[in-house]
Amino acid sequence: MATEANPYAMPAPAQKSTKETVKNALSLWGRKVGEAGRKAEDLSRNTWQHLRTAPSMTEAAVGRIAQGTKVLAEGGHERIFRQAFSAPPDEQLRKSYACYLSTSAGPVMGVMYLSTARVAFCSDTPLSYEAHAGDNTEWSYYKVAIPLHRLRAAIPSASKVKPAEKFIQLVSVENHEFWLMGFVNYSSAVVHLQEALSGFHNLQA
């Protein structure tokens with residue numbers, strides 16, 4: 001009840017604690033701490049692997065910082081995605097993941113984008129290539145875009161020799177293959193890719 005000294009104070013009788021209540025509370029807390037610890041450990045391991053995937057860890061770290069600055073300066077991943085792939089207004093970006101695309105010239109650092117219509121990849125920086133029979137060098141962003149209705153499978157895997165090296169193999173309906181690796185958030189990428197693929201195919205069925 002309220003007291004004359006403070007009419008807003010509302011004392012309430014304390015409930016008696018029991019050993020079982022304390023035990024359950026500690027158990028719940030322990031599970032949450034354990035889950036948070038495992039996620040932090042996975043993130044740390046994946047970030048380390050992400051940096052190791054590049055030819056130079058120093059360049060990879062600097063590149064990640066530069067990409068983060070670019071995202072902030074240009075208004076977020078959604079805006080960068082729309083500019084890079086000329087996405088129409090009704091296409092929405094669902095997720096974006098820092099990773100690498102495996103190429104014949106080596107791994108290319110960039111971002112995988114998962115939208116309501118496609119899965120795509122764009123390199124963080126332009127890459128050089130020889131044009132017009134090697135007469136001159138040109139620069140262009142390395143891009144890949146597969147519409148979800150042309151994506152047959154998204155297959156997660158890991159190296160048998162180095163289990164920390166994890167991959168996602170994208171396979172189109174024409175059996176074109178693209179290998180993504182070095183994800184900072186690998187588990188989330190796998191889950192959302194497979195959910196998007198399954199959901200789209202269910203709508204088409």
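Predicted model: local features only at pLDDT ≥ 70, side-chain atom pairs only at ≥ 80, totals over all residues.

Visitor: In what order do the strands of the open sheet run?

Guide: The sheet has 7 strands, ordered β6-β3-β2-β1-β9-β8-β7, with antiparallel pairing. β6 (143-147) and β7 (151-158) are at the edges with a single partner strand each, so one side of each has no neighbour in the sheet. From one strand to the next, the twist averages 30°.

Visitor: How many bridges join β8 and β9?

Guide: There are 5 bridges between β8 (residues 166-172) and β9 (residues 177-181), in the antiparallel sense. F167, for example, has M181 in β9 as its bridge partner.

Visitor: And Q169, is that buried or exposed?

Guide: Q169, which belongs to strand β8, is buried, at a relative accessible area of 12%. Its side chain makes a polar contact of 3.1 Å with the side chain of E177. Residues that Q169 touches include A153, I155 and W179.

Visitor: Changing topic, how many aromatic pairs are found in the whole structure?

Guide: The search finds 5. One of them is F81 with Y113, a tilted pair at 5.4 Å centre to centre and 40° between the planes. F81 is in helix α3 (residues 77-85) and Y113 in strand β2 (residues 108-115), so the pair ties together parts 32 residues apart in sequence.

Visitor: What are the relative accessible areas of F81 and Y113?

Guide: F81 is buried at 0%, and Y113 is buried at 2%.

Visitor: Which residues form a cluster with F81?

Guide: F85 and Y113 form one aromatic cluster with F81.

Conventions:
Residues numbered from 1 in each chain as written. Heavy atoms only, no water. Pairing = 2+ DSSP bridges. Helix = DSSP H or I, 4+ residues; strand = E, 2+ residues; numbered from the N terminus. Axes fitted to C-alpha atoms, helices over the stretch in contact; angles between N-to-C directions. Buried < 20%, exposed > 50% of the residue type's maximum accessible area, 1.4 Å probe, protein only. Polar contact = N/O pair within 3.5 Å; in protein donor to acceptor, adjacent residues only side chain to side chain. Contact = heavy atoms within 4.5 Å. Phe/Tyr/Trp six-rings, centres within 6.5 Å; stacked < 30°, edge-to-face > 60°. Lists of a residue's contacts leave out its neighbours within four places in sequence.
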